[in-house]
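Subject: Structure for you to look at

Hello,

Here is the structure I said I would pass on. Please open it first, then read my notes below with it in view.

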Amino acid sequence: MSKTYYDPADLRKFGNITEWGEELGNKFFDYYGKVFEEGALTAREKSLIALAVAHTEQCPYCIDAYTKDTLQRGVTKEEMMEAIHVGAAIKSGATLVHGVQMMNKVNKLDG
């Protein structure tokens with residue numbers, strides 16, 4: 001088995017971040033827990049959003065965690081892939097819309 005930079009075992013160590021900054025680490029985990037509580041969105045919907053964001057952020061730990069979580073919440077493979085495409089579309093659109101800044105700068109420099 002080849003070793004990669006991202007060790008899947010490290011995901012289980014995530015809670016250890018409080019060891020070197022207990023106050024802020026605990027505040028993060030309190031916040032994180034609150035975000036994923038049922039609210040206007042269901043836990044299933046939040047998990048699917050998290051899966052799409054995990055891909056746009058390219059976090060292998062999050063991808064692993066939320067792939068498992070969405071499956072446990074009954075999300076289908078088709079729904080998962082569609083969510084990832086939504087994330088990809090937003091990410092690419094956000095990149096392209098910044099092209100307007102480049103166009104504005106070119107027009108200013110040419111003017």
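**How the helices pack**

Helices α2 and α3 are roughly antiparallel to each other, because an angle over 145 degrees counts as roughly antiparallel, under 35 as roughly parallel, 65 to 115 as roughly perpendicular and the rest as oblique. Before the details, note that this is a predicted model, in which local features need pLDDT of at least 70, side-chain atom pairs count only at pLDDT 80 or more, and totals for chains, interfaces and linings use all residues. Residues are numbered from 1 along each chain as its sequence is written, and side-chain values use heavy atoms, with hydrogens and water left out.

The protein has five helices and zero strands, and its elements run α-α-α-α-α from the N terminus on. Helices (H or I, at least four residues) and strands (E, at least two) are DSSP runs, numbered from the N terminus.

Two packed helices are described by the angle between their axes and the distance between the axes. Axes are lines fitted to C-alpha atoms, for helices over the stretch in contact, and angles run from 0 to 180 degrees between N-to-C directions.

**α2 with α3**

The axes of α2 and α3 (residues 60-72) cross at roughly 155° and come within 9 Å. Their crossing is left-handed, a term used if the near helix is turned anticlockwise from the far one by less than a right angle, with right-handed used if clockwise. On the α2 side the contact is made by Ser47, Leu48, Ala50, Leu51, Ala54 and His55, and on the α3 side by Cys62, Ile63, Tyr66, Thr67, Asp69 and Thr70. Contact means heavy atoms within 4.5 Å. By class, the residues of this contact are seven nonpolar, four polar and one charged. Here Ala, Val, Leu, Ile, Met, Phe, Trp, Tyr, Cys and Pro count as nonpolar, Asp, Glu, Lys and Arg as charged, and the others, Gly among them, as polar.

**α2 with α4**

The axes of α2 (residues 43-57) and α4 (residues 77-97) come within 8 Å and cross at roughly 50°. That makes α2 oblique to α4. The crossing of α2 past α4 is right-handed. Residues making the contact include Arg44, Leu48 and Glu57 of α2, and Glu79, Met80 and Lys91 of α4. The contact of α2 with α4 divides into seven nonpolar, three polar and four charged residues.

**α4 with α5**

The axes of α4 and α5 (residues 99-110) come within 4 Å and cross at roughly 10°. α4 is therefore roughly parallel to α5. Thr95, Leu96 and Val97 of α4 meet Gly99, Val100 and Gln101 of α5. This contact of α4 with α5 has three nonpolar, three polar and no charged residues.

**One residue and the overall shape**

Tyr61 is in helix α3. Leaving out residues up to four places away in sequence, Tyr61 touches Tyr6, Asp7, Asp10 and Leu11.

The C-alpha atoms of the protein fill a box of roughly 55 × 40 × 40 Å along the principal axes.

**From the record**

UniProt places the feature "domain: Carboxymuconolactone decarboxylase-like" (unreviewed entry) at residues 23-101. UniProt positions are given in the numbering used here, feature names are shortened, and annotations may be inferred rather than shown by experiment. In the model, residues 23-101 are 82% helix and 0% strand, and the end C-alpha atoms of the span lie 40 Å apart.

Regards
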